[in-house]
Amino acid sequence: MTVLSIDAGQTGVRARVAGGVARESPGLRTHEPLPVQLAAAARRAIDEGATEVDAVVVGASGLVDGGADAAALHALLADAGVREVRLAHDSITSYLGALGDVHGAVVAAGTGVVTLAVGPESSCRVDGWGHIMGDAGSGYWIGREALDAVMRAHDGRGPATLLSDDVRTVWRDLETAYILLQSDPSRVSRVASFARVVARRAADGDPVALDISRRAGEQLALSVVAGLRRAGLEGADAPVAPIGGVFGSAPIADAFSAALAGRAPHARIVTARGSGLDGATLLSGVGPGHPLAASVAVVRR
């Protein structure tokens, strides 16, 4: 069976036919219907690869109703010869790619953030509730904190920061920036883009950027600790894999490590074995007896 694996997040969508090269396209717009976007990504990969695909396996951000979305995606791809669709939240594919079948936790932090912890008897998801209600420590959260700090400095409510210069390269007039941002259809990715600016300024030693980075790392560690506790791994020698672009910032990674060591001293940070795309490929082999099987929607014809 030829499988097309898709790792679909807000930062980008990657698709790969078994044995082929990964193809990238723009990230998901979580305020728009997912099946249509996923079907478009699948068709691009099928057309560019000039190959027939029997099954499409997807790990997607912003998934709400897996069963309904899987059925809709299957219907959209039926004329392409796709016989099976497997759809799961991207926390599942991130976990499989990073740790495989080992009990532990994976925290994936990009534009958004989600943590999945898997124990001997149960698994649980922590955060991943979107930029309005959650995603603490994510790229969006960091960018939002940066913009808040810049406006506080502008008003005299907070300390001066080099981040102000960076924001002015996007919006010369800070006092009209909020209007322009609110009307920007790409405002979520626009805000999240400032996470890279924070990382750079933190490396330069800017106190405000360093403080944001420290708090981001602590928020990410807090989610992992909650996940380990709920999955029955509190006090266990459990591996924890931090993945995603946010952890490319040394101050954030260091703050995360320190906070995790203080709150869950038995947990150990490990390097991910593979990516979310690798996890999507592994998802094709998840059977009824697998501890994550209940979290995977499968539609066949």
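In the predicted model, five strands form an open sheet with mixed pairing, arranged in the order β8-β7-β6-β9-β10. In general, the strands of a sheet pair through backbone hydrogen bonds, in either a parallel or an antiparallel sense. The antiparallel sense is found between strand β6 (residues 104-109) and strand β7 (residues 113-118), which pair over six bridges. Within this pair, valine 106 has leucine 116 of β7 as its bridge partner. Helix α10 (residues 207-230) packs on the sheet, where it touches β6, β7, β8 and β9 (239-243). The direction of α10 makes about 155° with that of β8.

With a threshold of 30 Å³ or more, the count comes to one cavity. The volume of the largest cavity is about 30 Å³. Its lining consists of Ala146, Val150, Leu163, Val167, Phe194, Val197 and Val198. By residue class, the lining of the largest cavity comprises seven nonpolar residues, with no polar and no charged ones. Three helices, α5 (139-155), α6 (163-168) and α9 (194-203), each supply at least two residues of this lining. The largest share, three residues, comes from α9.

Conventions. Residues numbered from 1 in each chain as written. Predicted model: local features only at pLDDT ≥ 70, side-chain atom pairs only at ≥ 80, totals over all residues. Heavy atoms only, no water. 1 Å grid on protein atoms, 1.4 Å probe; cavity = no way out; pocket = protein on both sides within 12 Å on 5 of 7 lines; lining within 4 Å. Points joined across faces, edges and corners; volume = space filled by probe spheres on them. Helix = DSSP H or I, 4+ residues; strand = E, 2+ residues; numbered from the N terminus. Nonpolar A, V, L, I, M, F, W, Y, C, P; charged D, E, K, R; others polar. Pairing = 2+ DSSP bridges. Contact = heavy atoms within 4.5 Å. Axes fitted to C-alpha atoms, helices over the stretch in contact; angles between N-to-C directions.
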